[in-house]
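Dear colleague,

I am handing over the structure below, together with an account of what was found in it. Please read the notes with the model open beside them.

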Amino acid sequence: MEMKLVFLASVGSEDRGHHPIRLYVQNQWEDDVCYLLDRSMPLRALMKHYCSRRGLPYGALRFTYDGARIPGDQLAEDLVMDDGDVIDTWSNWVSG
């Protein structure tokens with residue numbers, strides 16, 4: 001299984017002195033994706049990109065970190081995420 005690496009950048013992040021963080025997004029169906037993004041970037045950018053690459057609308061997946069759902073406006077630095085942390089994804093679709 002090949003790991004995909006995606007770079008997301010915040011405009012002007014270098015001027016503010018923030019450092020990038022590497023986060024892994026995993027699900028139960030396919031290979032994991034590694035994102036490199038600025039700690040001060042809202043995690044919504046990562047979530048939107050991940051949904052898009054899966055061909056799903058934003059909101060179709062639930063993103064969790066340490067068992068808690070991640071709101072899109074949260075920053076990695078707000079959640080005290082460390083380099084290499086893992087975000088899990090879960091389907092929001094209900095079958096019936």
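**Strand pairing and the core**

Proline 20 has aspartate 38, in strand 3, as its bridge partner. Please keep in mind, here and in everything that follows, that this is a predicted model.

Of its 96 residues, 35% count as buried, and the chain exposes about 5800 Å², of which carbon and sulfur atoms supply 51%. When contacts between residues at least 6 apart in sequence are considered, 62% of them join residues that are at least 24 apart.

The two ends of the first pairing deserve a further word. Aspartate 38 lies in strand 3 and counts as buried because its relative accessibility is 5%, which falls under the 20% limit for that class. The side chain of aspartate 38 also makes a polar contact with the side chain of serine 40, at 2.2 Å. Between strand 3 and helix 2 there is a loop, and arginine 39 is placed in it. Although arginine 39 and proline 20 are 19 residues apart in sequence, their C-alpha atoms are 5.8 Å apart in space. Leaving out residues up to four places away in sequence, arginine 39 touches His19, Pro20, Ile21, Leu75, Ala76, Glu77, Met81 and Asp83. Is arginine 39 buried or partly exposed? With a relative accessible area of 25%, arginine 39 is partly exposed, because that value lies between the 20% below which a residue is buried and the 50% above which it is exposed.

In soluble globular proteins, nonpolar side chains tend to be buried together. Here the largest nonpolar core has 21 residues, and those that touch the most other members are Tyr35, Leu37, Leu46, Phe63 and Met81. Strand 2 (20-26), strand 3 (33-38), helix 2 (44-53) and strand 4 (61-65) are the elements that give two or more residues to this core, and helix 2 gives the most, with four residues. What is leucine 46 in contact with, once its neighbours within four places in sequence are left aside? The contacts of leucine 46 are Leu8, Leu23, Val25, Tyr35, Leu37 and Ile87.

Strand 4 is mostly covered, since four of its five residues are buried. Strand 4 pairs with strand 6 in the antiparallel sense over four bridges, and within strand 6 it is threonine 89 that stands opposite phenylalanine 63. Strand 4 is joined as well to strand 5 (residues 68-69), again antiparallel, by two bridges, with tyrosine 65 standing opposite alanine 68. The hairpin formed by strand 4 and strand 5 has two residues between the strands, and aspartate 66 in this hairpin takes a positive phi near 50°.

Threonine 64 is also found in strand 4, and at 8% relative accessibility it counts as buried. The side chain of threonine 64 makes a polar contact with the side chain of tryptophan 90, at 3.1 Å. Not counting residues up to four places away in sequence, threonine 64 touches Arg69, Ile70, Val86, Ile87, Asp88 and Trp90.

A last point concerns the cysteines. Cysteine 34 is buried, with a relative accessible area of 4%, and cysteine 51 likewise counts as buried, at 0% relative accessibility. A disulfide is a covalent bond between the sulfur atoms of two cysteines. How many disulfides does a search of the whole structure find? The search finds zero.

With kind regards

Terms used: Residues numbered from 1 in each chain as written. Predicted model: local features only at pLDDT ≥ 70, side-chain atom pairs only at ≥ 80, totals over all residues. Heavy atoms only, no water. Core = buried A, V, L, I, M, F, W, Y, C linked by side-chain atoms within 4.5 Å. Buried < 20%, exposed > 50% of the residue type's maximum accessible area, 1.4 Å probe, protein only. Contact = heavy atoms within 4.5 Å. Pairing = 2+ DSSP bridges. Disulfide = S-S within 2.5 Å. Polar contact = N/O pair within 3.5 Å; in protein donor to acceptor, adjacent residues only side chain to side chain. Areas by Shrake-Rupley, 256 points an atom, 1.4 Å probe, with all protein chains shown as cover.
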